[in-house]
Structure formats: structure tokens, C-alpha cells
Amino acid sequence: MKPRSAQIAGWGTYVPERVLTNADLERMVDTSDEWITTRSGIRERRIAGPDESTSTMGIRAAEKALCRAGLKGSDIDLVISASATPDYMFPATGCLIQDAIGAKCGAFDLEAGCSSFVYGLVVGSQMIAAGGYENVLLVGAETLSRFMDYTDRSTCVLFGDGAGAVVLRACDDAYGVQAFELGADGAGCELIILPAGGSARPATEETVRAGDHYVHMAGNQVFKFATMTLGSCAERVASKAGWKLDEIDVFIPHQANLRIIEAAQKRLEMPMDKIFVNVDRYGNTSSASVPLAMVEAIDAGLIRKDQNIVMVAFGVGLTWAGVAMRWGVDV
Ligand SMILES: CC(C)(COP(=O)(O)OP(=O)(O)OC[C@H]1O[C@@H](n2cnc3c(N)ncnc32)[C@H](O)[C@@H]1OP(=O)(O)O)[C@@H](O)C(=O)NCCC(=O)NCCS
């Protein structure tokens, strides 16, 4: 078989209508627009409506991605749902998405914290490169607002909801994924954790009273890990792809905090206009963040055929993941 790769052939996003601004948060917790903006770069985030969830938002994004790729659900060979906030512990959100789009294929959930979408890019593209599949649907969707304690100012100002989806399609190996890295350091597992509700600590009245069904985070330690990881992972995947740093045309970083992105920008000595940023409008949407940024970069005319694109995510686990991709389709 001729060597082949996988490229992004369709894309779509969905964000809930409700906007939660820093001014709204000022009325909910002891915080200020000034603190949130200077410490994180975030101005507003989206919050899912009562009838929305990770699967419903993921389905909306998936339908747009299928349409852009010119495919029907029945053309999809595999569905991967990348999320840290699935609808249920089980069944897999991937199965809910598979059913809703009318796909007749395998489906599963992939959980690598905020790195889940980029992990999914690697898993899906490698299954295509190995010859197993032609078209893989990858959905990165999160409903983080359901796991936020809106009395805890150290977490609730940072996160938001949303979804992005891509269709990965087989292509000539000159295009698509050229190099990747998957990383994890489980020693940092307690730095961002949802302590109760799993098999280690099932939900009880006591865990709910203690707020252990909400996200707990050691923000400062995560910040140090993130600033070390984002730029260095981008360097390594570019180097594995055989690119010099100035040959990266567009860098799509995980949108967690503007200061983390700026630290990577300095390390990479990359002009800011090559780095796409929308954390100001969505906050940290975990697995949805890279596809939300990538699709907005496409819509802004930043991503074009024959360009070298690097995407890097990091987060819960701790995990990180990077992909170097040569863009192969007209936009
Ligand atoms: C959370 C984060 C924005 C905090 O910024 P920071 O500069 O590290 O701030 P610190 O944690 O040192 O806190 C400084 C002070 O601000 C206070 N503070 C925290 N949240 C606040 C808020 N929303 N409003 C006002 N003050 C706040 C703290 O209580 C602390 O007060 P103290 O000095 O009196 O104890 C930053 O650490 C961060 O972005 N970390 C990474 C988080 C992340 O990306 N997680 C997901 C990874 S995918």
C-alpha cells in the first residue's frame, strides 16, 4: 500500500448562546474584570442551556463538519468523542453522536483531559494511515459549566462550554499529519481533579456537601507545567516534521490562558500574528478549545492549503499532545 496520511477534510463548531461575562461573574463571586483579564486574558465564556450537553453540542458541530466534507453520517468509518465531560460515565458519548448522525460504525470516548482532541487527532489519523479506515469523525466537546463550583473564584472564571468537530480523511502522505507527540505525567494527577463520582469515591451526600463533584485545581502549579510544555512540545513536533520554527505558518495552542500562550510565543520567537487566540471570547473549553480556535483561524483566512500548522494542547492528567500537519485542502 502507498504510504498515506490523514488530513482534516471537514470542520464545524457549536457554542451555546448564553454568554457569561466578567461583569456577570463580578456579581457572583469576589472577583473583578481587571483580575480576570490581566491574569488570564478571558473576557467572556459560553454556558450550555438546560437542554444542552456534551453530546448535543458535539452533534451540532459534527453535522457541520460532515456537511463541509461533503459526507453523510453513513460514510463515517469511526466516531471518536474526545471529552473530559461526557454525558454519562457510560454509555460513551461517542455512541450517542454515532446514533444521531446516522453512522453505522464503531464509536468510543477518548479522555485525556484538555489534550483529548489532539490525542484524538493522533489516534484517528494513525488508524487511517495504517489503512484501517477512510473517514473518521472526531468531536471535541465539553460542558465544563456542569462541573464548576460557581462560588469558587479560582476556577469558575476560567472555563466555558462549546464543541468542535473534524472529519479526518485519508490523503497522500505529503499532506496531513506529518509528526506528533503524546505525553503524560500521572504524578500530577491531583493538580486538576474532579475528586468524587467515579469508582474511587462514588457520589454520596457527603461528597456532594463537600463540593467534590466539582473541579478542584492547583492553578499555580498547573500554570508552571503549562508554560513549560506548550512551547517545548511545539518545538519537538515541528522538529520531528523536519520544519524549522520559522517554517510554522500557523500555531493553534490550547486556549487556557493568554499568559501561557504569550510565554510560548516568546520561547518560539514567533510573531503573534501566526498564533491564533480566542481565549478572550470562550475561556478554557478544554477539548473544544483547539478545534474552536482552528475553525475560527480558517474562517479568518489564516489557514490555507500547503501551510504548516502546529496544534498543541495540555491539561488534566497531566497530559499534553502536539501535531504538525501540512494543510491539504482548499478552504
Ligand atoms: C488560575 C490562574 C489564572 C491564577 O493566576 P496566578 O497569577 O497564578 O494567581 P495565583 O494563583 O497566584 O493567585 C493570586 C491571588 O489571586 C486570588 N484569586 C484567585 N482567583 C481569583 C479571582 N477569580 N479573582 C480575584 N482574585 C483571585 C488568589 O486567591 C490569590 O490571592 P492571595 O495572593 O491573596 O492568596 C493561573 O494560575 C492559571 O491560569 N493556571 C493554569 C490554569 C489552567 O490553565 N488550567 C487548565 C489547564 S488545561
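Helix α8 passes helix α9 in a right-handed crossing, a crossing being right-handed if the near helix is turned clockwise from the far one by less than a right angle, and left-handed if anticlockwise. The model is predicted, with local features requiring pLDDT of at least 70 and side-chain atom pairs pLDDT 80 or more, whereas totals for chains, interfaces and linings use all residues. Residues are numbered from 1 along each chain as its sequence is written, and side-chain values rest on heavy atoms, with hydrogens and water left out. Helices (H or I, at least four residues) and strands (E, at least two) are DSSP runs numbered from the N terminus.

The axes of α8 and α9 (residues 258–268) lie 9 Å apart, at an angle of about 40°; axes are lines fitted to C-alpha atoms, for helices over the stretch in contact, and angles run from 0 to 180 degrees between N-to-C directions. The two helices are therefore oblique to each other (angles under 35 degrees count as roughly parallel, over 145 as roughly antiparallel, 65 to 115 as roughly perpendicular and the rest as oblique). On the α8 side the contact (heavy atoms within 4.5 Å) is made by Phe223, Ala226, Thr227, Met228, Leu230, Gly231, Ser232, Ala234 and Glu235. On the α9 side it involves Arg259, Ile260, Ile261, Ala263, Ala264, Arg267 and Leu268. By class, this contact has 10 nonpolar, three polar and three charged residues, where Ala, Val, Leu, Ile, Met, Phe, Trp, Tyr, Cys and Pro count as nonpolar, Asp, Glu, Lys and Arg as charged, and the others, Gly among them, as polar.

Helix α8 itself comprises 22 residues (219–240) and should span 32 Å at 1.5 Å a residue, in agreement with the 31 Å between its end C-alpha atoms; the expected span is 1.5 Å times one less than the number of residues. Its buried residues include Val222, Phe225, Cys233 and Val237 (buried means under 20% relative accessible area, exposed over 50%, partly exposed in between, with a 1.4 Å probe and protein chains only). Ala238, also in α8, is buried, with a relative accessible area of 0%. Leaving aside residues up to four places away in sequence, Ala238 touches Trp243, Leu245 and Ile248. Asn308 is 70 residues from Ala238 in sequence, yet the C-alpha atoms of the two are 9.0 Å apart. Gly242, which follows α8, has a positive phi near 85°.

Thr54, Ser55, Ile59, Ala62 and Leu66 of α3 meet Thr93, Leu96, Ile97, Ala100 and Ile101 of α4. The residues of this contact divide into seven nonpolar, three polar and no charged.

Helix α5 (residues 116–129) has 14 residues and reaches 20 Å from its first C-alpha to its last, close to the 20 Å expected. Because 10 of its 14 residues are buried, α5 is largely enclosed by the rest of the structure; among the buried residues are Phe117, Val118, Tyr119 and Ile128. Gly131 follows α5 and has a positive phi, near 95°. Tyr88, in the loop between β4 (78–82) and α4, counts as partly exposed at 46% relative accessibility.
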